[in-house]
Amino acid sequence: MASGGEEREPEFQLITFFRFAAIEDPRAEVERHRAHIARNGWELRGRIYVNEQGINAQMSGRGREGEAYAKWVESDARFSGMRISVYPMEEQAHPRLALRYKPNLVQLEGGTNHLPLTDREARAKPLSPKEWHENLIKVNAGEADAPLLLDVRNGYEWDVGHFRGAERPVQESFRETVYTNAQDGLGPLAGIDKSKPIMMYCTGGIRCDVYSTVLREQGYTNVMTLEGGVQAYFDEYGKRGDQLWDDHLFVFDSRLAMAPDGRPSAELGEDAATLRCYCCGENTAPPPHRNCPNVDCNRLFLVCPGCSDKLDGFCCEACTKASHIRPSLVNPGRYEKYSNYDSPESRAARRGPGRSNRKVRRRQRRKLELAAYVLEHMTSVDESRARLVQSTGGTFADRTRSLIDASRTIVVEDEDDDDNDQADESDSEEGTINPALSRYSKQRATLREAYALLAKDQRTPENLVEAAEKIAEERKRMKRSEHEAKTPMM
Ligand SMILES: [Zn+2]
Ligand SMILES: [Zn+2]
């Protein structure tokens with residue numbers, strides 16, 4: 001078992017770090033790193049992303065090579081003082097190295113380029129693990145002046161473990177966060193006094209640093225983050241009896257989950273099987289997540305041994321009958337690219353309807369997402385607003401369903417209103433946080449058409465997609481960054 005205590009040479013190390021800093025020529029920066037790694041013959045794996053706003057790395061290296069690389073990065077004035085997390089590993093934690101320019105270091109709806117990430121003052125107040133711990137005690141004691149505890153990760157990460165007292169995130173995926181937490185009646189921030197203290201956390205701190213600038217711009221004045229994220233908390237409290245983390249921590253490397261004391265969760269066996277099974281609902285699933293072998297499903301889910309046997313590693317009955325599948329993984333974990341499981345048969349299948357169906361579905365989902373987002377902001381009628389509020393679930397599907405429903409009562413505004421809105425918009429341009437909203441006036445003509453379609457008693461999901469398509473085209477013209485890698489980073 002890996003233990004942080006002993007000082008023997010590690011076989012490998014897992015390294016994570018990030019730093020927001022203005023980088024003038026990020027592509028040249030990437031080349032500089034590449035050259036330095038080659039010169040030293042370092043064997044590094046994982047993801048190292050660089051852009052105008054800084055660097056984000058989750059990587060592993062042979063021996064102490066990863067650490068040497070991180071220290072080399074840190075020796076540059078722009079990155080000086082950044083926090084570097086190091087864990088001993090018995091193997092590389094990633095299959096290959098992706099060192100490259102990335103338009104957005106963190107995936108967030110609308111991108112992150114417009115956010116003042118490199119301005120420390122624009123972010124939240126960082127709390128040390130100790131300050132965090134003390135505040136968390138207040139939260140759990142239900143003290144009146146206790147801050148609101150906000151989990152800023154993906155829903156499935158919460159399922160594996162979370163700070164005591166943290167509610168499951170409304171968003172299934174962090175990228176939706178921009179419009180979930182503050183959404184009318186749905187999110188934990190809806191309707192709260194904007195001066196109420198909010199304490200937010202994520203795995204390594206980067207998502208909080210990004211999202212806190214959004215919240216600050218939305219007018220929340222008392223936002224705090226856990227500096228260094230849960231990882232930093234584990235470093236100080238993970239082995240203590242009074243630590244306040246329940247269960248495990250989802251991580252984005254081959255371990256998939258780790259215990260507060262630093263061990264990979266897979267090493268804990270039966271004792272750790274206390275999580276909710278996706279299939280039967282019992283609290284008997286061990287971490288980490290499984291990845292459904294059905295390529296078109298690809299669900300990451302927690303499952304108990306019984307259900308795993310019964311369903312042969314699939315997430316549900318329907319998936320066991322799918323034709324576009326990968327071999328079940330011997331150990332829990334994520335699948336690599338489908339091509340790694342390539343065979344003449346699977347190649348044929350990949351060209352077949354499975355893949356294009358999935359593509360179409362993905363595209364449709366995006367379109368619906370757009371439509372939902374825009375419609376949400378255009379829903380001004382009380383009744384439809386009420387319906388939105390009524391929708392209980394926080395998943396995208398739920399919201400879309402309620403939106404389609406709500407769109408029945410949407411009223412197309414007349415010309416005068418339109419002009420007024422535009423005037424309002426340009427007035428408030430400076431203070432607008434969301435670029436999608438500030439550009440919203442330009443989309444109005446397109447939306448009007450989309451709206452008309454919805455108003456003509458043709459509010460089928462298909463029509464909503466068609467309407468959204470027009471919006472999407474408009475959006476493309478505005479050069480919004482759409483093509484980000486699919487792999488999540490913290
Ligand atoms: Zn089960
Ligand atoms: Zn499945």
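## A zinc site and a parallel sheet

Ile 198 has Val 223 in β10 as its bridge partner. That pair belongs to a predicted model, and the strands involved are β9 (residues 198-201) and β10 (residues 223-226), which run parallel and share three bridges. Below is a quick tour of the sheet, then of the zinc ion.

**The sheet**

- β9 and β10 sit in an open sheet of four strands, ordered β6-β10-β9-β7 and paired in parallel.
- The edges are taken by β6 (125-127) and β7 (148-151); each has a single partner strand, so one side of each goes without a neighbour in the sheet.
- Going from one strand to the next, the twist averages 30°.
- Helix α5 (residues 206-217) packs on this sheet and touches β7, β9 and β10. The direction of α5 makes about 175° with that of β10.

**The zinc ion**

- Four cysteines hold the zinc ion (ligand 1) through their SG atoms: Cys 277, Cys 280, Cys 304 and Cys 307, at 2.3 to 2.4 Å.
- Along the chain, these donors follow the spacing C-x2-C-x23-C-x2-C.
- Cys 280 and Cys 307 link distant parts of the chain, 27 residues apart. Cys 280 lies in the loop between β13 (257-258) and β14 (290-291), while Cys 307 is in helix α7 (residues 305-310).

**Buried or exposed?**

- Cys 307 is buried, because its relative accessible area is 8% and the limit is under 20%.
- Cys 280 counts as partly exposed, at 36% relative accessibility.

Note on methods: Residues numbered from 1 in each chain as written. Chains lettered and ligands numbered in written order. Predicted model: local features only at pLDDT ≥ 70, side-chain atom pairs only at ≥ 80, totals over all residues. Heavy atoms only, no water. Donors = N, O, S within 2.8 Å, 3.2 Å for Na, K, Ca; no water. Helix = DSSP H or I, 4+ residues; strand = E, 2+ residues; numbered from the N terminus. Buried < 20%, exposed > 50% of the residue type's maximum accessible area, 1.4 Å probe, protein only. Pairing = 2+ DSSP bridges. Axes fitted to C-alpha atoms, helices over the stretch in contact; angles between N-to-C directions. Contact = heavy atoms within 4.5 Å.
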